Amino acid sequence: MKIIKSASLDSIEAIAIDVESTFTKGLPTFTIVGMISTSISESKDRVKSALLTNGFKFPPLKITVNLSPSEIAKKGTHFDLAIALQIAFYEDKKVDFSDMFIFGELALDGNIKDTNSIFPIILSLSKKDSINKVLVCTQTAQKLANIPNLEIYCVNDLSEAIEFIKTDKKENYLYEKKKLEYKTLIINDEQYFYDTNYLEDFKDVIGQDMAKYAAMICAAGNHNLIMEGSPGCGKSMISKRLQYIMPPMNLEEILEKAKLLALDFKDVDFSPIRAFRSPHHSSTKSSIFGGGCNFQ
(Lines give C-alpha, C1' and ligand atoms only; values in the text may rest on other atoms or scores of the structure.)
Protein backbone atom coordinates (compact mmCIF):
# COMPACT_ATOMS: atom_id res chain seq x y z
CA MET A 1 0.00 0.00 0.00
CA LYS A 2 1.41 3.37 -1.07
CA ILE A 3 1.14 6.41 1.19
CA ILE A 4 1.10 10.02 0.01
CA LYS A 5 1.78 12.72 2.58
CA SER A 6 -0.52 15.70 2.93
CA ALA A 7 -1.85 17.72 5.88
CA SER A 8 -4.90 19.41 7.36
CA LEU A 9 -5.52 22.35 9.65
CA ASP A 10 -6.42 21.86 13.29
CA SER A 11 -7.41 25.35 14.42
CA ILE A 12 -4.52 27.45 13.07
CA GLU A 13 -1.86 24.71 13.23
CA ALA A 14 -1.30 21.85 10.78
CA ILE A 15 -1.31 18.10 11.30
CA ALA A 16 0.36 15.72 8.84
CA ILE A 17 -2.09 13.36 7.13
CA ASP A 18 -1.35 10.12 5.28
CA VAL A 19 -3.45 9.50 2.17
CA GLU A 20 -3.79 5.71 1.88
CA SER A 21 -5.67 3.64 -0.70
CA THR A 22 -6.68 0.06 -1.46
CA PHE A 23 -8.02 -1.44 -4.71
CA THR A 24 -9.94 -4.67 -4.24
CA LYS A 25 -12.23 -6.84 -6.31
CA GLY A 26 -15.93 -6.16 -5.96
CA LEU A 27 -18.68 -3.88 -7.15
CA PRO A 28 -16.93 -0.74 -8.55
CA THR A 29 -17.18 2.00 -5.92
CA PHE A 30 -15.13 4.99 -4.85
CA THR A 31 -15.14 5.78 -1.12
CA ILE A 32 -13.15 8.28 0.95
CA VAL A 33 -13.08 7.70 4.72
CA GLY A 34 -11.31 9.21 7.72
CA MET A 35 -13.65 11.71 9.42
CA ILE A 36 -13.84 13.89 6.30
CA SER A 37 -15.77 17.08 5.56
CA THR A 38 -18.21 17.64 2.70
CA SER A 39 -15.50 19.37 0.62
CA ILE A 40 -13.34 16.21 0.78
CA SER A 41 -16.31 13.93 0.05
CA GLU A 42 -17.05 15.95 -3.10
CA SER A 43 -13.47 15.37 -4.22
CA LYS A 44 -14.58 11.99 -5.63
CA ASP A 45 -16.34 13.70 -8.54
CA ARG A 46 -13.50 16.18 -9.14
CA VAL A 47 -10.85 13.44 -9.12
CA LYS A 48 -12.82 11.10 -11.37
CA SER A 49 -13.58 13.84 -13.90
CA ALA A 50 -9.96 15.05 -13.93
CA LEU A 51 -8.59 11.54 -14.50
CA LEU A 52 -11.07 10.69 -17.27
CA THR A 53 -10.53 14.06 -18.99
CA ASN A 54 -6.79 13.40 -19.11
CA GLY A 55 -7.17 10.01 -20.79
CA PHE A 56 -6.91 7.80 -17.70
CA LYS A 57 -9.16 4.73 -17.56
CA PHE A 58 -10.79 4.62 -14.14
CA PRO A 59 -10.21 1.16 -12.59
CA PRO A 60 -13.37 -1.01 -12.28
CA LEU A 61 -12.53 -1.93 -8.69
CA LYS A 62 -13.64 -1.16 -5.17
CA ILE A 63 -11.52 1.89 -4.33
CA THR A 64 -11.13 2.95 -0.70
CA VAL A 65 -9.12 6.05 0.22
CA ASN A 66 -8.35 6.66 3.87
CA LEU A 67 -7.06 9.89 5.39
CA SER A 68 -5.09 8.84 8.45
CA PRO A 69 -5.15 9.36 11.42
CA SER A 70 -8.87 8.73 11.22
CA GLU A 71 -9.86 10.25 14.57
CA ILE A 72 -8.92 13.77 13.45
CA ALA A 73 -11.53 15.83 11.59
CA LYS A 74 -10.26 16.96 8.19
CA LYS A 75 -11.42 19.63 5.78
CA GLY A 76 -10.27 21.33 2.59
CA THR A 77 -10.11 20.61 -1.14
CA HIS A 78 -6.30 20.40 -1.23
CA PHE A 79 -6.38 16.58 -0.92
CA ASP A 80 -7.62 16.23 -4.53
CA LEU A 81 -4.20 15.90 -6.15
CA ALA A 82 -2.92 13.33 -3.64
CA ILE A 83 -6.05 11.20 -4.07
CA ALA A 84 -5.84 11.42 -7.88
CA LEU A 85 -2.17 10.33 -7.86
CA GLN A 86 -3.02 7.37 -5.65
CA ILE A 87 -5.49 6.16 -8.28
CA ALA A 88 -3.27 7.03 -11.26
CA PHE A 89 -0.41 4.87 -9.90
CA TYR A 90 -2.44 2.08 -8.33
CA GLU A 91 -0.76 -0.55 -10.56
CA ASP A 92 2.77 0.83 -10.27
CA LYS A 93 4.45 -0.86 -7.31
CA LYS A 94 7.76 0.99 -7.70
CA VAL A 95 6.48 4.53 -7.18
CA ASP A 96 7.48 6.04 -3.83
CA PHE A 97 5.90 9.23 -2.51
CA SER A 98 7.46 9.06 0.95
CA ASP A 99 9.77 12.09 0.73
CA MET A 100 7.26 14.70 -0.47
CA PHE A 101 4.06 16.44 0.64
CA ILE A 102 1.43 16.96 -2.09
CA PHE A 103 -1.30 19.62 -2.15
CA GLY A 104 -3.73 20.93 -4.74
CA GLU A 105 -7.38 21.23 -5.69
CA LEU A 106 -8.34 19.74 -9.05
CA ALA A 107 -10.55 21.39 -11.64
CA LEU A 108 -12.78 19.09 -13.69
CA ASP A 109 -10.36 19.35 -16.63
CA GLY A 110 -7.35 18.40 -14.48
CA ASN A 111 -5.89 21.85 -13.85
CA ILE A 112 -4.48 22.30 -10.35
CA LYS A 113 -5.72 25.21 -8.22
CA ASP A 114 -4.48 26.99 -5.12
CA THR A 115 -6.55 27.12 -1.93
CA ASN A 116 -6.39 29.48 1.06
CA SER A 117 -5.45 26.71 3.47
CA ILE A 118 -2.31 25.42 1.69
CA PHE A 119 0.00 28.29 2.67
CA PRO A 120 -0.82 28.24 6.43
CA ILE A 121 -0.58 24.44 6.45
CA ILE A 122 2.88 24.33 4.88
CA LEU A 123 4.14 27.25 6.97
CA SER A 124 2.98 25.50 10.14
CA LEU A 125 4.67 22.23 9.12
CA SER A 126 7.91 24.01 8.22
CA LYS A 127 8.13 25.51 11.71
CA LYS A 128 7.97 21.98 13.13
CA ASP A 129 10.65 20.80 10.67
CA SER A 130 8.11 18.23 9.42
CA ILE A 131 8.43 19.14 5.76
CA ASN A 132 11.24 19.83 3.30
CA LYS A 133 9.79 18.99 -0.14
CA VAL A 134 6.38 19.93 -1.49
CA LEU A 135 4.52 19.53 -4.80
CA VAL A 136 1.98 22.28 -5.55
CA CYS A 137 0.69 24.39 -8.43
CA THR A 138 2.55 27.47 -9.67
CA GLN A 139 0.14 29.89 -7.98
CA THR A 140 0.77 28.25 -4.61
CA ALA A 141 4.53 28.11 -5.21
CA GLN A 142 4.64 31.90 -5.52
CA LYS A 143 3.24 32.20 -1.99
CA LEU A 144 5.55 29.53 -0.55
CA ALA A 145 8.70 31.03 -2.07
CA ASN A 146 9.47 33.03 1.08
CA ILE A 147 9.43 30.04 3.43
CA PRO A 148 13.06 29.10 4.25
CA ASN A 149 14.51 25.57 3.94
CA LEU A 150 11.73 24.36 1.65
CA GLU A 151 12.13 22.72 -1.78
CA ILE A 152 9.13 23.65 -3.93
CA TYR A 153 8.19 21.68 -7.04
CA CYS A 154 5.36 23.07 -9.15
CA VAL A 155 3.07 21.60 -11.81
CA ASN A 156 0.09 23.10 -13.58
CA ASP A 157 -2.20 20.14 -14.22
CA LEU A 158 -2.74 16.48 -13.40
CA SER A 159 -0.91 15.20 -16.50
CA GLU A 160 2.16 17.23 -15.56
CA ALA A 161 1.96 15.93 -11.99
CA ILE A 162 1.94 12.35 -13.26
CA GLU A 163 4.94 13.07 -15.48
CA PHE A 164 6.72 14.63 -12.49
CA ILE A 165 6.24 11.47 -10.43
CA LYS A 166 7.52 9.30 -13.27
CA THR A 167 10.61 11.30 -14.19
CA ASP A 168 14.06 11.05 -12.63
CA LYS A 169 14.81 14.71 -13.49
CA LYS A 170 12.67 16.32 -10.83
CA GLU A 171 15.00 19.31 -10.68
CA ASN A 172 13.34 20.53 -13.91
CA TYR A 173 10.20 21.22 -11.86
CA LEU A 174 11.99 23.00 -9.01
CA TYR A 175 10.59 26.48 -8.37
CA GLU A 176 13.18 29.24 -8.29
CA LYS A 177 12.80 31.25 -5.12
CA LYS A 178 12.91 35.03 -5.08
CA LYS A 179 13.89 37.21 -2.14
CA LEU A 180 11.58 39.85 -0.69
CA GLU A 181 12.14 43.08 -2.59
CA TYR A 182 12.13 45.44 0.37
CA LYS A 183 14.77 47.50 2.11
CA THR A 184 16.54 45.71 4.92
CA LEU A 185 18.59 46.42 8.00
CA ILE A 186 20.47 44.14 10.39
CA ILE A 187 19.73 44.25 14.12
CA ASN A 188 21.56 41.82 16.43
CA ASP A 189 22.60 39.70 13.42
CA GLU A 190 18.97 39.32 12.29
CA GLN A 191 17.56 40.75 9.06
CA TYR A 192 14.55 43.07 9.23
CA PHE A 193 12.47 44.41 6.34
CA TYR A 194 10.80 47.80 5.99
CA ASP A 195 8.89 49.75 3.35
CA THR A 196 9.02 53.48 2.71
CA ASN A 197 5.88 53.55 0.57
CA TYR A 198 3.41 55.12 3.00
CA LEU A 199 -0.23 54.97 1.94
CA GLU A 200 -1.11 56.98 5.05
CA ASP A 201 1.22 59.70 6.34
CA PHE A 202 1.29 61.68 9.59
CA LYS A 203 1.78 64.89 7.60
CA ASP A 204 -1.95 64.67 6.78
CA VAL A 205 -2.80 65.15 10.48
CA ILE A 206 -3.08 68.89 11.13
CA GLY A 207 -2.20 69.87 14.68
CA GLN A 208 -2.51 67.31 17.51
CA ASP A 209 1.25 67.50 18.17
CA MET A 210 0.92 65.89 21.60
CA ALA A 211 -1.13 62.98 20.25
CA LYS A 212 1.36 62.39 17.42
CA TYR A 213 4.24 62.50 19.89
CA ALA A 214 2.47 59.95 22.10
CA ALA A 215 1.83 57.71 19.06
CA MET A 216 5.53 57.87 18.14
CA ILE A 217 6.58 56.80 21.66
CA CYS A 218 4.08 53.93 21.69
CA ALA A 219 5.19 52.71 18.24
CA ALA A 220 8.86 52.82 19.20
CA GLY A 221 8.35 50.84 22.41
CA ASN A 222 5.40 48.61 21.37
CA HIS A 223 3.25 50.15 24.11
CA ASN A 224 -0.53 50.25 24.29
CA LEU A 225 -2.32 53.49 23.44
CA ILE A 226 -5.83 54.70 24.22
CA MET A 227 -7.13 57.95 22.73
CA GLU A 228 -10.17 59.90 23.87
CA GLY A 229 -11.64 62.99 22.25
CA SER A 230 -14.54 64.50 20.39
CA PRO A 231 -15.53 63.13 16.94
CA GLY A 232 -13.36 64.43 14.11
CA CYS A 233 -10.38 65.48 16.22
CA GLY A 234 -8.00 62.98 14.53
CA LYS A 235 -8.09 59.78 16.62
CA SER A 236 -8.80 57.46 13.67
CA MET A 237 -6.36 59.28 11.39
CA ILE A 238 -3.53 58.81 13.87
CA SER A 239 -4.47 55.17 14.51
CA LYS A 240 -4.44 54.29 10.80
CA ARG A 241 -0.97 55.77 10.39
CA LEU A 242 0.56 53.96 13.37
CA GLN A 243 1.29 50.79 11.39
CA TYR A 244 3.64 52.72 9.06
CA ILE A 245 5.93 53.94 11.86
CA MET A 246 6.06 50.71 13.88
CA PRO A 247 9.35 48.77 14.02
CA PRO A 248 10.40 46.79 10.90
CA MET A 249 9.44 43.12 10.64
CA ASN A 250 11.64 40.04 10.38
CA LEU A 251 10.79 37.21 7.98
CA GLU A 252 9.05 35.11 10.62
CA GLU A 253 6.68 37.98 11.48
CA ILE A 254 5.93 38.64 7.79
CA LEU A 255 5.09 34.98 7.20
CA GLU A 256 2.91 34.81 10.31
CA LYS A 257 0.96 37.87 9.15
CA ALA A 258 0.48 36.29 5.72
CA LYS A 259 -0.71 33.07 7.39
CA LEU A 260 -3.42 34.89 9.35
CA LEU A 261 -4.55 36.71 6.20
CA ALA A 262 -4.87 33.37 4.37
CA LEU A 263 -6.87 31.88 7.25
CA ASP A 264 -9.18 34.89 7.00
CA PHE A 265 -9.69 34.14 3.25
CA LYS A 266 -7.89 37.33 2.21
CA ASP A 267 -5.15 37.88 -0.36
CA VAL A 268 -1.77 36.94 1.08
CA ASP A 269 0.42 40.01 1.59
CA PHE A 270 4.16 39.78 2.24
CA SER A 271 4.75 43.49 2.78
CA PRO A 272 6.61 44.42 6.01
CA ILE A 273 3.72 46.64 7.14
CA ARG A 274 2.14 45.45 10.36
CA ALA A 275 -1.50 44.38 10.36
CA PHE A 276 -4.21 46.90 11.22
CA ARG A 277 -7.86 46.34 12.05
CA SER A 278 -10.48 49.06 12.23
CA PRO A 279 -13.68 47.73 13.85
CA HIS A 280 -16.71 49.99 14.02
CA HIS A 281 -17.16 51.83 17.30
CA SER A 282 -20.44 49.99 17.90
CA SER A 283 -18.83 46.52 17.60
CA THR A 284 -19.32 44.25 20.60
CA LYS A 285 -16.47 42.50 22.36
CA SER A 286 -17.69 39.14 21.08
CA SER A 287 -17.72 40.31 17.47
CA ILE A 288 -14.10 41.50 17.76
CA PHE A 289 -12.56 38.72 19.85
CA GLY A 290 -14.93 35.87 18.93
CA GLY A 291 -17.68 34.17 20.88
CA GLY A 292 -17.54 31.31 23.33
CA CYS A 293 -16.05 33.19 26.30
CA ASN A 294 -17.33 35.77 28.73
CA PHE A 295 -15.34 38.99 28.58
CA GLN A 296 -15.42 41.24 31.60
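## Buried cysteines

Buried means under 20% relative accessible area. C218 has 11% relative accessibility, so this residue counts as buried. C137 sits at 3% relative accessibility and therefore counts as buried too. These values come from a predicted model.

## No disulfides

How many disulfides does a search of the whole structure find? The search returns zero. A disulfide needs a pair of cysteine sulfur atoms within 2.5 Å.

For C137, the closest cysteine sulfur belongs to C154. The distance is 8.5 Å, so the two sulfurs are too far apart for a bond. For C218, the closest cysteine sulfur lies in C233. That distance is 16 Å, again too far for a bond.

## The largest nonpolar core

The largest nonpolar core holds 41 residues. Which of them touch the most other members? They are F30, I83, L85, I87, I102 and L158. Elements giving two or more residues to this core include the strands β2 (13-24), β3 (29-33) and β4 (62-68). The helices α2 (43-53), α3 (80-88) and α6 (158-166) also give two or more. The largest share, seven residues, comes from α3.

I102 is among the core residues that touch the most other members. Leaving aside neighbours within four places in sequence, I102 is in contact with I4, K5, S6, H78, L81, A82, L85, F97 and L135. One of these contacts, L85, is also among the core residues that touch the most other members.

A second core is separate and has 30 residues. Its members include I131, V134, L144 and I254.

Technical notes: Residues numbered from 1 in each chain as written. Predicted model: local features only at pLDDT ≥ 70, side-chain atom pairs only at ≥ 80, totals over all residues. Heavy atoms only, no water. Buried < 20%, exposed > 50% of the residue type's maximum accessible area, 1.4 Å probe, protein only. Core = buried A, V, L, I, M, F, W, Y, C linked by side-chain atoms within 4.5 Å. Helix = DSSP H or I, 4+ residues; strand = E, 2+ residues; numbered from the N terminus. Contact = heavy atoms within 4.5 Å.
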